[in-house]
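I opened this entry to record which side-chain contacts I looked up.

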Amino acid sequence: MISENLELRFVTAGKSCKQKDQARSEHDSRERWKRLIYFLLNIDGQVHGYDDNLRYTFGQLLQFANYLEPKARRKVGADFHQGQAQGTNNLTSEGFQFILQDEATQVHNILLHYIRRAAKVPSRSEGVSKVVSILQFIFNLTLAEPAKWYKLQGSCSDAIRSAVVELHQLGLLTQKSAGDTSLKSKFCINQLMSSFLYSHRGS
């Protein structure tokens, strides 16, 4: 198994979450995951509170996965919100299949597309480096304990720091201070991520 020979190089253990913090963390992660589904389905009244960063993360990822049909007027970023309001959020057949999947399979597929998208940069070597960093980080998480705070080590790459923020936006990690990309940023894995990690420990 991969995790048997893996050292925890990118995260260092912190204090355990308090019970009330853990309950809040799980609730917030579920809400963030539901926002991804709401965004995909363009459920009325559920997408209007999203800031530009969140719309950008969701829009880029879901279009890359071919779950949403890209159109000229469905720009990602500040203009994407206008497209949402106009009802131009076109679900593809792949997106419809994604909606019908169980939660564990959805998490698996979102992570798979997230990693593949990381490679889509002008420099091939940079793309390979980003993918390797993110994969190592995710593999490292198999050694992390649920309900325990962790922080990034000084040797981690910018790709990993960004991944912590974006995985928080997707509801797969919980940051103590959302959006913090500094080495002081603390995060913990939640039920969505831990269920995925444990199901792949023997892979």
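**Side-chain contacts**

I began with lysine 34, which counts as partly exposed because its relative accessibility is 34%. The model is predicted, and I read every value below as computed from it.

I then looked for the partner of lysine 34 and found a salt bridge to the side chain of glutamate 31, at 2.9 Å from N to O. Both residues lie in helix α1, 3 residues apart, which is about one turn of the helix. Glutamate 31 is partly exposed, at 31% relative accessibility.

How many salt bridges does the structure hold? I noted 2. Arginine 30 and glutamate 103 also meet through their side chains in a salt bridge, at 2.6 Å from N to O. This pair links distant parts of the chain: arginine 30 belongs to helix α1 and glutamate 103 to helix α5 (residues 103–118), 73 residues apart. I recorded arginine 30 as partly exposed, with a relative accessible area of 31%, and glutamate 103 as partly exposed at 33%.

Phenylalanine 39 sits in helix α1 (residues 19–41) and phenylalanine 58 in helix α2 (residues 52–64), 19 residues apart. I found both residues buried.

Phenylalanine 137 and phenylalanine 187 also form an edge-to-face pair, at 5.8 Å centre to centre and 65° between the planes. This pair links helix α6 (residues 124–140) with strand β4 (residues 186–189), across 50 residues. Phenylalanine 137 counts as buried because its relative accessibility is 0%, and phenylalanine 187 is buried at 1%.

Note on methods. Residues numbered from 1 in each chain as written. Predicted model: local features only at pLDDT ≥ 70, side-chain atom pairs only at ≥ 80, totals over all residues. Heavy atoms only, no water. Helix = DSSP H or I, 4+ residues; strand = E, 2+ residues; numbered from the N terminus. Buried < 20%, exposed > 50% of the residue type's maximum accessible area, 1.4 Å probe, protein only. Phe/Tyr/Trp six-rings, centres within 6.5 Å; stacked < 30°, edge-to-face > 60°. Salt bridge = Lys/Arg side-chain N within 4 Å of Asp/Glu carboxyl O.
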